[in-house]
Amino acid sequence: MSAHPLVADLVRTFKAQGRIVIVGASLAGLRAAEALRDEGFTGSLTLIGDEVHEPYDRPPLSKQVLKGWVPAGNTKLPRMRAIDADWRLGVAATGLDRDNREVLLANGEKVPYDRLLIATGVRSRAWFNPEEATLKGLYTLRTCDDAAELQAALKAKPNRVLIVGAGFIGSEMASVCRDLGLDVTVAERSSAPLVGPLGGVIGDIAAKMQRDAGVDLRTGVAVEALIGDDDGHVRQAQLSDGSLLDVDVVVASLGSVRNIEWLEGAELAAGFWGVACDAGCRAFDINGVVTDNIFVAGDIARAPHVLYEYEFMAIEHVDAAVLGAQTAAHNMVNLETGRRPHLPLPQFWSGQFGVNIKGVGVCSFGDEIVFTQGSVEDLRFAAAFGKNGRIVGAITFNHGKWLDYYAAMIERSAPFPPPPPGYDVPADAEPKSARFPDPREPTGIPDVVLTGHDPTSRGAEFRPKSPKK
């Protein structure tokens, strides 16, 4: 049955007209802009980004770029189509005026919008001591400029590199250092590398990989201080176990911080977790009420996932950013009945110490693990994660061809432990605790308080931040 002509005209008008602003000119922002044009949007399109560079690919930065195989400036993302946009690069968004529908920029400009996409992503967590953070030889890795500086430092053959943090990026950088023949120490607060995303069972395997490759892996320790020489270059690191390391290069791989500061005062549900949105990528306001003209995509988006008990999740993977951007773009230019949900099944990969690690689902949602195929000793295996009797994630080491098999089971909420594949069954195929960290550690969650007494005046607001002492 065809739509009424008036309805069809309304849909075409809604798609084509208006001003759309995208804040964040990286992967999600670019793919959203392309999708908007594919969807038939012909109105004004503006992309705002705080970096001067055009959108580029980030995964190669910790691998091919650090090894010197690819220059940092040669990772520009391919353009899938012309987008006819007004690019505002090298200028950060500093505020959002929802009443007047304007994005405020650092240069004093105000950019009006009818619909807004927030895709400002994340940045590297800064070194905790501001004075030490100014030391030469201390690096982070997030941008292509970061990668270029760190690659030059590694090329200079430092005597020892210290990597603080053994997540995926920290572990990949440690692998690069060993490939370059550099002595490297990794300091990790947890009991093993990759414990946060993959748990202690896999973490123990990752720890053995690192030590077998010659990494000086220190677990259960923190870096308490960095000590510089008279020229302001880092020379030593004091660890919490009392040891003192001589180092020339320190890389802080302390996780990421979501770029939400510019949204302060906009009364959106924005905090350290990112910006909360529904499965259609529409942002929630501070009261938990969905907005009609503000959308969220990429690493900064936190949305409920139907496969994971509708828990709000921020999924920092490439495929989720692309699919979320495309879904947001579709929903920005379609009336409510034509909108669709963003229901990603996360997939991720990492290359380190000669091992190709691929995963699917949200492994950390589970509490049990079972090895389903292959050999742990040979670093060629598959393992499934489960919770409450169903499979929620899977990880493979040099066994990625089976990833689609496990993805299909996760999408069907198949039982855990999953049925054996019939061959290549490991010797130990019994479920066990995955040994994830206790999630109840204190965080810097901003306090939200309720105000008003009767239903018409009831509302939420963020408690004012107490001044730093």
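UniProt positions are given in the numbering used here, and annotations may be inferred rather than shown by experiment. With that in mind, the unreviewed UniProt entry lists residues 348-417 as "domain: Reductase C-terminal". What we're looking at is a predicted model. In it, the span 348-417 is 51% strand and 13% helix, and its end C-alpha atoms sit 22 Å apart.

**Strand S21 and its partners**

Let's turn to strand S21, residues 290-296. Five of its seven residues are buried, so the strand is largely enclosed by the rest of the structure. Which strands pair with S21, and which way do they run? Strand S7 (residues 115-118) is joined to S21 by three bridges, and the two run parallel. Strand S20 (residues 282-284) is joined to S21 by two bridges, this time antiparallel.

You can pick out a facing residue on each side: Leu 116 stands opposite Ile 294 in S21, while Arg 282 stands opposite Phe 295 in S21. S20 and S21 also form a hairpin with five residues between the strands. In that hairpin, have a look at Gly 288, which takes a positive phi near 85°.

**An open four-stranded sheet**

There's also an open sheet of four strands, in the order S18-S19-S22-S23, and its pairing is mixed. Strand S18 (270-271) and strand S23 (311-313) are at the edges with a single partner strand each, so one side of each has no neighbour in the sheet. Further in, strand S19 (residues 274-276) and strand S22 (residues 301-305) run parallel, joined by two bridges. Val 275 has Ala 301 in S22 as its bridge partner.

Here are the strand pairs with their bridges side by side:

| Strand pair | Bridges | Direction |
|---|---|---|
| S7 and S21 | three bridges | parallel |
| S20 and S21 | two bridges | antiparallel |
| S19 and S22 | two bridges | parallel |

Key
Residues are numbered from 1 along each chain as its sequence is written. This is a predicted model: local features need pLDDT of at least 70, side-chain atom pairs count only at pLDDT 80 or more; totals for chains, interfaces and linings use all residues. Side-chain values use heavy atoms; hydrogens and water are left out. Two strands pair if DSSP finds at least two bridges between them. Buried means under 20% relative accessible area, exposed over 50%, partly exposed in between (1.4 Å probe, protein chains only).
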